[in-house]
Structures are given as C-alpha cells and as structure tokens.
Amino acid sequence: MKVGILCYPSHGGSGVVATELGKYLAGRGHQVHFINYQQPFRLRGFNPRIYYHEVELSPYPLFKYPPYTLALVNKVAAVIREAGLDIIHAHYAIPHSLCAYLARELVGRDRVKIITTLHGTDITLVGSDPSFREITTFSIQESDAVTAVSRSLAEETSRIFSIDTRVEVIYNFVDTKLYTPKPGAGGAAGEGRRQAQRERVLLHISNFRPVKRVQDVIRVFARVQAEVPARLVMVGDGIEHFGAAQLVRELGLKEKVSFLGNQDDVLPLLREADLFLLPSEKESFGLAALEAMACGLPVVASRVGGVPEVVEEGVSGYLYPVGDVAGMAAGCLALLQEGERYRRFSLAAREGAVERFDSGKIIPEYERLYASVIGKI
Ligand code: GMT
C-alpha cells in the first residue's frame, strides 16, 4: 500500500506514534510518504520506502497568519496524484484530518481514503473548544475510518461530539526489542545495581503544558528525596518550564533536579532511571510511560483518561487522583524502599509492554484497517 502520513513533527507523542508507524510500515514493504513543514524528529536515516515531502510557504505581507494549512492541503493533493496514495493517515484531528479531507476533495473522492487517529488533546482540549468544535466534528465524520489511542478517548469522543461515526480503539505501541532494560544492569534485571547505587533516579518526560502538572512532579520528588537519596531528571520543554524551575529553586532542590530540555533519543535516559512520574490532569494514553515500562520502569501517575489501560494499578505502577502529591510520593517510596516489590513491578511493567503494546502486535491492526477501507479485505 502507499500511505501518506500527516502529523506534528515536533516532540510529542502523536508525532512519535505517526513516525514509528511509518517506519514500521516501510519495514513491512509499504511505501510511506510524510508530508510536513519539518522532518519528524524520529525520522532519521535513509529508507528507500520512506519519502519526505516538505511543505513550503512563501511569506507575503498581506498574511498576518501565514496559511500553512492551505499549503499543506495543496501539497497533500499533489502527493496523492504523483505517488498514487491509497491512504492518507491523519494524526491529530486539527488540522490534519481537515487538510486530508480538503485534499481528497481536490483530487476526487474516489482516489484516496482517509484515516484519522485521535490522540487526546485534539479532542479533550482543542476539539472541544467552541472555536474548533464544529470543524473537528466534521472532519471526524468525513473520515473513512477513525481510531483513538485508548478506550477512554474513544468513549470521550463519542460523549463530547454528537457523531454516529464508529471510533475504533488501536492502542499506541512501543518497539520492545529496542526499548529494553539496560542489558545486564537496568530495569528489572538491575536490582543488584539498584541496591548498590546511592541515588535513585526519577524521570519525567512531557511537553511541559499545564495539563502535565509538572509542579506536581517537583513536589512529589521533594517528598521522595527527603526519605531516600534521589535525583530527578526532567525531559521536555514548554510554558510550564519557568514555573517548575522556580519551584525547584524555592524548595532548595537545584542540585538534585536536572532540566534536560527536549531530547531526540530518550532511551539512554530511560535505561538509567528507576521510576517514571506522570501526574497529568488529562492523558489519553501516556506514550512516554509505555516507553518507560518497556525499559522496566514502574510508573507512578494520576488515574486519568487512558492511563489505567496502560499502567496496571498495583501491578506495574501506582495511580492516584489528580493532585494527590502525598499519595504519589508514598507510592514512589513504597517502590524504592522495598527491593522485592520494586523487582515485581519492574518485571510486570516490562511484561505488560511486551504482551499488550508491542509494535509487532499493534501495527498489523492498522494494516488490517487500511486494507478494509480500501476494500482489500
Ligand atoms: O500531550 C499532549 O498534549 C501532546 C499529545 C501529542 O500530540 O503528543 O499527546 C497525546 O497523544 C499521545 C500519543 O497518542 C498520548 O500518549 C498522550 O497521552 C496524549 N496527551 C494527552 O492526552 C494530554
């Protein structure tokens, strides 16, 4: 099949899922075309079956807001014609799903099928905002198939929008052959190392938006490090960075907290960490938590959205109400202070990732969906 992928190329779970999906599909013999203003950050190295089409936008004094989405539509239509795409897979409803719809209108309805994958904030924050609500509803309804990355998000989509479109759940995935505990030392295998090492490492990765509650990460860490030697590694960037850095200074934790900014490759960081923290207010799935689990890290998180579908409560992590900093700190300490418990959770985290979310298990679900919308099965 020939598949066009539209996604956000910057750091963020939806772009990661779209890029990893494209790479995997190419590995299975499909031809994949990324159409974007920038090469997705995880799209590295040459692959003869992966094409990258850059959307260029000439500046014009009349445009206060350069119309990127119109240029994208134009480019998508051109790629459909030139490459003969079978499918456009739009990740994140706004604007990609609508751009796919407009491009299909330009080339002719029968030429290409549209799949929209909903990732979370495109529904829970952006899509439900009155300024985007109608257009989100429209683009969902005009897609040939719609998927959501968790059951919770699929249900929320049906609740928020009055649509009769079936929203199929296809979970996010991780390559568990690549995302593994540090060979011979990290994750579940590394309990010896963990016992011996002085400082435990807590890790948080996000886009530092208000919805991620990064100050809760700092407050949880403050309580944990008062009981066990520990350090906190913060990966990512966004508008909450300054508030978080300020809180670290106020709490006198500057020597124990590192802000690394956006990182293209988080695997080495996951392999050196002991616990993953995700105290978000909303989280449709929590891809960063899944990648952590694949590396054998138990997760301490809030019980929201799709997180309980990923992290098995009391098995691979502990979940708490949003803002329950004391609870989350207690959960971290229960894991860090009891070696046997930590070992069990670490093994279960790895096992959960391998058995339920491995890319080799999930990606064929997308292939089946593609085949069914283009009438091949
Ligand atoms: O967190 C965000 O707002 C960014 C968004 C994205 O595009 O990366 O994340 C969403 O999609 C991810 C990939 O499907 C999910 O793992 C995240 O849970 C989801 N974020 C939220 O629901 C807040």
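## Ligand surroundings

A polar contact is a pair of N or O atoms within 3.5 Å; within protein, one must be able to donate a hydrogen and the other to accept it, and residues adjacent in sequence count only if both atoms are side-chain atoms. The model is predicted, so local features need pLDDT of at least 70 and side-chain atom pairs count only at pLDDT 80 or more, whereas totals for chains, interfaces and linings use all residues. Residues are numbered from 1 along each chain as its sequence is written, and side-chain values use heavy atoms, with hydrogens and water left out.

The ligand is surrounded by 17 residues, of which Gly13, Ser14, His119, Glu283 and Ser284 are the closest; a residue counts here if one of its heavy atoms lies within 4 Å of the molecule. A backbone N or O atom of Ser284 lies 2.8 Å from an oxygen atom of the ligand, and a backbone N or O atom of Phe285 lies 3.1 Å from a ligand oxygen atom. From Asn172, a polar side-chain atom lies 2.8 Å from an oxygen atom of the ligand.

Helices are DSSP runs (H or I, at least four residues) numbered from the N terminus, and their axes are lines fitted to C-alpha atoms over the stretch in contact, with angles running from 0 to 180 degrees between N-to-C directions. Angles under 35 degrees count as roughly parallel, over 145 as roughly antiparallel, 65 to 115 as roughly perpendicular and the rest as oblique.

Helix H1 (residues 13-27) packs against helix H15 (residues 359-373) at about 80 degrees, with the axes 11 Å apart, which means that H1 is roughly perpendicular to H15. In this contact (heavy atoms within 4.5 Å), Glu20, Leu21, Tyr24 and Leu25 of H1 meet Ser359, Gly360, Ile363, Tyr366, Glu367 and Tyr370 of H15.

Helix H14 (residues 339-357) packs on H15 at an angle of about 30 degrees, with axes 6 Å apart, and H14 is therefore roughly parallel to H15. Glu355, Arg356 and Phe357 of H14 make this contact with Ser359, Lys361 and Ile362 of H15.

## Helices H8 and H13

Helix H8 (residues 214-227) and helix H13 (residues 325-337) pack at about 45 degrees, their axes lying 9 Å apart, so H8 is oblique to H13. Residues in this contact include Asp216, Arg219 and Val220 of H8, and Val325, Ala326 and Met328 of H13.

Notes
Helices (H or I, at least four residues) and strands (E, at least two) are DSSP runs, numbered from the N terminus.
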